[in-house]
Structures are given as structure tokens and as C-alpha cells.
Number of protein chains: 4
Amino acid sequence: MGSDINAVFRAEQMDPAKIIVELCEEFYNSGWMPATAGGMSIREGASIYISPSGVQKERMRPEDITIFDINTNQFVGESTFKPSASAPLFRAIHSIRGANACIHTHSESSVLATMLFGNTFEISNIENMKAIPKCDGSGNYGAFETLRIPIIKNKPHEEDLEYSLVEALHKYPEAPAILVRRHGVFTWGSNVWKAKVIHEALDYLFVLSVKMRKLGV
Amino acid sequence: MGSDINAVFRAEQMDPAKIIVELCEEFYNSGWMPATAGGMSIREGASIYISPSGVQKERMRPEDITIFDINTNQFVGESTFKPSASAPLFRAIHSIRGANACIHTHSESSVLATMLFGNTFEISNIENMKAIPKCDGSGNYGAFETLRIPIIKNKPHEEDLEYSLVEALHKYPEAPAILVRRHGVFTWGSNVWKAKVIHEALDYLFVLSVKMRKLGV
Amino acid sequence: MGSDINAVFRAEQMDPAKIIVELCEEFYNSGWMPATAGGMSIREGASIYISPSGVQKERMRPEDITIFDINTNQFVGESTFKPSASAPLFRAIHSIRGANACIHTHSESSVLATMLFGNTFEISNIENMKAIPKCDGSGNYGAFETLRIPIIKNKPHEEDLEYSLVEALHKYPEAPAILVRRHGVFTWGSNVWKAKVIHEALDYLFVLSVKMRKLGV
Amino acid sequence: MGSDINAVFRAEQMDPAKIIVELCEEFYNSGWMPATAGGMSIREGASIYISPSGVQKERMRPEDITIFDINTNQFVGESTFKPSASAPLFRAIHSIRGANACIHTHSESSVLATMLFGNTFEISNIENMKAIPKCDGSGNYGAFETLRIPIIKNKPHEEDLEYSLVEALHKYPEAPAILVRRHGVFTWGSNVWKAKVIHEALDYLFVLSVKMRKLGV
């Protein structure tokens, strides 16, 4: 699946900052980034492009995107905004999972799903699981396997999630995402389009699991 | 968060009447202002711009917006429409909360939320609460605090809500909004973009609280 | 409220056929006219413009709209399509209610609402009821009144609904709409914009009544 | 209904590849093809145009569409993508049902509907059933008839569904669609617009059946 997605998005050679602006507006319209919530990052070379903190995700401009330089370990670039409070979490994910793109949203269904499960969200036997790769490199999930996503505790300050997020990434090497209780979801991909596809597939599963609970099935 | 939002909405120097037209159409499309319901106001200097009464919120034009002059205590301007029936409530909110923008909608989830609670809507332990400022000036809500919104009784005539709305504003100095039972929600902000963000964050919480009730969590 | 809505829709002097095309596409996008379902009519002078039968409501053109001439009691005009199977029902509503526009949709919530009630859908104590006029000329509903909409039995052939629809119009002179069990809703207005507003207000009430039932309130 | 729909879509003489691109984007926006899920095919003469595998359905281009030649039994054309894993299923449906268009989606309601029924999804007494033709040539469903759709077991590999799908097509000659348990729905039509209408009508019925179950009606 991977190279196909890449190939479909060809041509444009878009600037990562422009992609972040475009996708955040799309995610706002999907209800996943309401009220300034959420954020995303794209790594290109030694630069990590990160959406700014506390701004309306539907009204950003490319020059608002903050840029973190991996070599100097500092924010560079000319954005007048603070980087997303998720920045340290995005950097950890880029590093530990080798991801080149991270997406964090407060999707309603992700939040509700964390209320229905204990330490891990679990689902199995749904065709759409096939769109999601296991992060241990063993291929995508089969429809009859079980997908497990760790649910970590929320903290008063987003930065303070780093320790437990990193711990969960190590403890669940296969997991394609981390849920934060009553907060939202972090996911990622080897490129931004894969990250987008994985977020869509996960949200679809969160929606189904919430509706299945209501139906008692 | 505040100044960031301001900054994101730069440049345009839009006329308050144009902003009201644009946002009401957006709120109509979100299902928050169906069938002529709802309204909003923006204060600029001694003028309060107020959406007109009983018109389709998706089909207004800037010249339809009514203008109230604080100095003369009269409606001025050339709109051929009556001001919103919420006008006295908006004026009270501008005055008591020091708000420069008010939004009133009949969002389904706000109405349903009023059916699930007694005198105050309450929610806690949801990350998205952080987007909402406490109106006593003590900063935004933390994710682990409790957000309380007074629910006042509906009245046959919207103007007659003024007394109980004012009373609730004084009784709950922290409250970022007032719910009206089986009617809708009033919220506000120090500028129109903050008011929009706060309405989005509140509606997200109303949706969650309704779904949590259905799920029994 | 009435003249205001008229006034908001000024200028354009649109052809009724163009309005029908535009609004049916909008209603399709709202999910109210899926899969060729539903239809609408506008009376102008001795002509009743009626959407065609069994066509995709999102892909019509003005020349597809059928025209019924009240003087000759015949369809005139150049549409190559059959008129909506609702045509006799629309004509009855134009005649009995004096309406100049009728809207018929299969909105999901209207269908579900008919499953929750016996001979009449009833709701009270919801602010948005104020957008809906009583058809006996006694003004709009107050928020604390009770809105009653007769639910008639569905029939195998839509034309065969005429007798019971006419009966219900006479038996419930106040009623602003007729529901058809497990089928949908017919509503109308003194002009097309009022009919649109009334359909929106009713659908909002149907949605609320379904959700209230799920919540047990 | 049939020829009307054809007639509404006149003029454009669109290339099947362009129609597939346009409709897949529309189905993505409806939530029916999230995260690269689903696909569709159109038969024109000896060519079957089939959407590619594993690509974002909202970002395809006409040149990405794969083309299967019925005469040579081979894929021809210049797409750099693999054909949809549903290709053998689409070809079986084209052949057995004489359909000229097939649509396969993972719509949430289709998946949930398969969880509520045993070997066949059943619904009756809903007006919108009239939009759906029986595949034995005996006309469209009446509102008071019963619509039955077989539900086949899901398999780890989509291609392996062919045997049970073909079996179900033969066993239920009237059935306008095949559901796959916890996977999605396959439907079709004598042209692509009819297939689209039928999918919309079916999804509406799936949504209703899920909501009826929640309401206990």
C-alpha cells in the first residue's frame, strides 16, 4: 500500500508547511481539531515542521508553522507563534518510531473510545483494520487479528505526557497509535499521507466501537 | 492563547458586519443556527453590531446587520430588519462580562445537555476544556478541573430572559457561557474569534456529555 | 418573521425552476432527498412548478422541472420527465393550505419520528418551535405550546395518499406538516423560503425527539 | 425510474475513468471510502474500468484507473497501480448480474447492519425501498415488500470472497446487493448512476435499521 499512496500524491512537491495548513483545515472540518485542538508535524531532513500552539486550525498560514532543527535542537524559522504543546511528543515519535509525520487530534470518538476500555483499546474482525500497518515491521493488520492501542493517563500539562508516551511506544512495539484517556489520539506514518490514512482508519474503528457498545454487540 | 488567535486573524481588517454574515453562514452549516435560529453580536467602540431577527442566517448581507449605539442607547444604521430578540441579552453580556463578541445558538447538543442536568451543566476531566477561559480572569480551565455552566429557565419571550441571565452571570463569575433550558446557549469572548473557539469547545463538550450518557459512562 | 425572510431573499427574481434545482441539491446534501427521494413544488400565478419523478435530486436542471397549469388542469412545459408522484399531494396542499411552496422529504429523522408516536407526533417546550407558524392563522407556535403533526398511514402508491392527506389537513387545521408513517414528511409555506425554514425547524425537532427517546428524557 | 436517471445524466459523455475518480471522491466525502477503503468498476464494451488498490480514494486521477479487457482476460492500460483487490468480485458481478457498474464501500452503517442480522439483512415497510430494483427483473421493491440481502462471511483475503459471493448471487436472484460481515457492501446497477442511487438507498436503510435497533422499535 505504501508506495501507492506516495505515488498518488505526486507532482506537487508541496512544502511541508503548506501540507500542514491544508490538512489541519481538513481535520478541522472533520471535527477532529475543534477549538484550536490538536496538531501535526512533518519531518524533512533535519527539520521538523510543527503546527503552532493554541491557534485556530482552520485559519493558519504556512508562515505560522514552527520549525525545529534536529541538529541544533532548537526552533528556527520565522513563525511568531509558540510551537504546539505536543512538540516534545511529536519529536519522541519521530525518533522512536522512525515516523516522518505525526497527527494528534481530539476526535470525539477517540475520546469516547478511551472511556470504554482499560489499559488498551482492542478491536478485531473488522475489514478496515487492513489499512493499518503494525509498527514492528511485520506488515499490515489482518482483518481477523486483534489491534491493540495503549491508553495512557492524561496529565495536566501536555508536555508531561512524554514519559508515559515513550514508555507505551516501547512496551507496545506493534501499536500504530497512542490514545490518551479523555484527551485524544496520537498517530503517525512513514509519510504524511500514510499518517492521514492511518488516522482515518483508526477513527473509523473508534466510531464503530462506540456504536457497537450502544447497540450491545 | 488569546493573542495568538488574534494574530492568526490578521490582515483583513474586516468590517464587523461582514464577520457576522460570514460566521452565521458557517454556524448555519454546522447546524447551530437552523431555521433562522440564533444570532451574534460584535462590539467595536461605541457600536454593537447585532444580527437581525427571524432571518435565514445563511442568506444575510452586511447591510442587514443592525447597529446599536451605546452612547445614544439607540439603534442606528440602515438595516431594514428588526434587531435579534437576543439584543438585550447580548448588551448585558457585553457590559457585565466585558465581552466584545457574543454568540447564541440552538445547537442540538446544547439543548439536549440541558435535559440531562439540573441547575448547572457540569463536566470534568476532558482535555478540550483547556480551550475555555474562566471568566473571573483566573486563566483557562485545566483538564482536571470542573466546568460549571448555569442553566436558566426558558421564558416565552426571549427578552424576558434578561433578568435571570444577568443574575446567573453574577452568581457564576467563572462561567464562560449560559445555557437556557430546552432553548440553547449563549457564549462570548474578548474578541469574535475567541468567542467562536469557545462555542466550538463548549459544543464539543455538550456532544460528549450526551454521548457519554447514552453509553452509560 | 414572514416578510423578513422574503426581504432577505431579494434581488434575484429567480425562476421557480431554478430555485427548485438549487434547493433540491441542497436538500440532497442534507440527506433529506437521497436516492431520488422527495420533491418540491412552487406555485406562481396559475403555474405550479414540480420536481420530476425518480431523478437524482442533485443532478437536475431547470428544464427538467415539470409545470402544471391550474387553468387547464394539465401539465405544460417541455420537461421530458414525468412529474413527481407527489404532484397530486402538492396540488392539494397548495389549494387547501393556500401554500405557494411545498417540500416533501424522506429525512431519516422524520421517518424515525413516525415510529415513536401513534396518530400524531407531539413535542413541546423547545425554543425552536417558534420558527413554525400555525396554519390556522393564529401566529407562530410559542415555545411552551404543543406542536402536533398528524401521522397518516403509508400506501403502496404515493398518489393514493391524497385522500388521507386531505383528511388530515382538514382535521388538524393548525398543523404545519403531515407525516407519513415510515415514509417521510410534507410541509409547505406561503413562499419557498418560509417552507424551507419550516422544514429545517421540523427536522430539528424530529432529530431532538429521536435523541430524547434514546436518552430516556 | 431507469431511463430518467440516464436522461438526467446526459450531455457530458464522460470517460468511465473520470466518473470513477469523481464518484470515489464523493463517496470518500460521504465517509463510505475512508482510509483507501472500497472501490468501484464500470463496464463499457469489452473494457472494465476498475479503481486501483490501496490508494486514497479522494486523490485519484483518471490515469490511475486500471482497465481489464474482457476479450483477452488481461489488464491493459497504463495505470501504474495494482487493480482493486475487489476486481474478481466486480467481474463476477458484471457477468452474473449483467451489471455495467459496481460499487463496494465500507460504510459504517453497512458494517453495523451485518452485526444485527444472521444470514440475511431484512427490512420492510420503508418508502425508500422503492428506489431499489429487484435483480430478477420483476421491478422495484414496493414499500410493503421485504428486502433481503445475503450476508456472507468475511475472509482474510478479499479475492477469496469470490466463491461465496457468486453462490449468494445465485441463491438470492432478487438481491440488489451482497453484504460482507464486518466488512462492507457490494452493489451494482445497469449503469453507474443507478448503482449510485441504489447504494444511497441501501445505506439509508442500513442507517435506519441501526437507529431502529437503538430505539428498540
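In what order do the nine strands of the open sheet in chain C run? Here are a few notes on this predicted model, starting with that point.

1. The order in chain C is 4-3-2-1-5-9-8-7-6, and the pairing is mixed. Strand 4 (74–76) and strand 6 (120–124) of chain C stand at the edges with a single partner strand each, so one side of each has no neighbour in the sheet. On average, neighbouring strands are turned by 25° against each other, direction ignored.

2. A closer look at one pair: strand 7 (residues 146–152) and strand 8 (residues 177–180) of chain C pair in the parallel sense over two bridges. Here I151(C) stands opposite L179(C) of strand 8.

3. Now the helices on this sheet. Helix 6 (residues 192–215) of chain C touches strands including strand 1, strand 5 and strand 9 (184–189), and its direction makes about 145° with that of strand 9. Helix 2 (residues 16–29) of chain C lies across strand 1 (39–44), strand 2 (47–50) and strand 5 (101–105), running at about 155° to strand 1.

4. Over in chain A, helix 4 (residues 108–115) is mostly covered, with seven of its eight residues buried; among them are V111(A), L112(A) and M115(A).

5. Helix 4 of chain D gives the largest share of the side of chain D that touches chain A, five residues.

How values were computed: Residues numbered from 1 in each chain as written. Chains lettered and ligands numbered in written order. Predicted model: local features only at pLDDT ≥ 70, side-chain atom pairs only at ≥ 80, totals over all residues. Heavy atoms only, no water. Pairing = 2+ DSSP bridges. Helix = DSSP H or I, 4+ residues; strand = E, 2+ residues; numbered from the N terminus. Axes fitted to C-alpha atoms, helices over the stretch in contact; angles between N-to-C directions. Contact = heavy atoms within 4.5 Å. Buried < 20%, exposed > 50% of the residue type's maximum accessible area, 1.4 Å probe, protein only.
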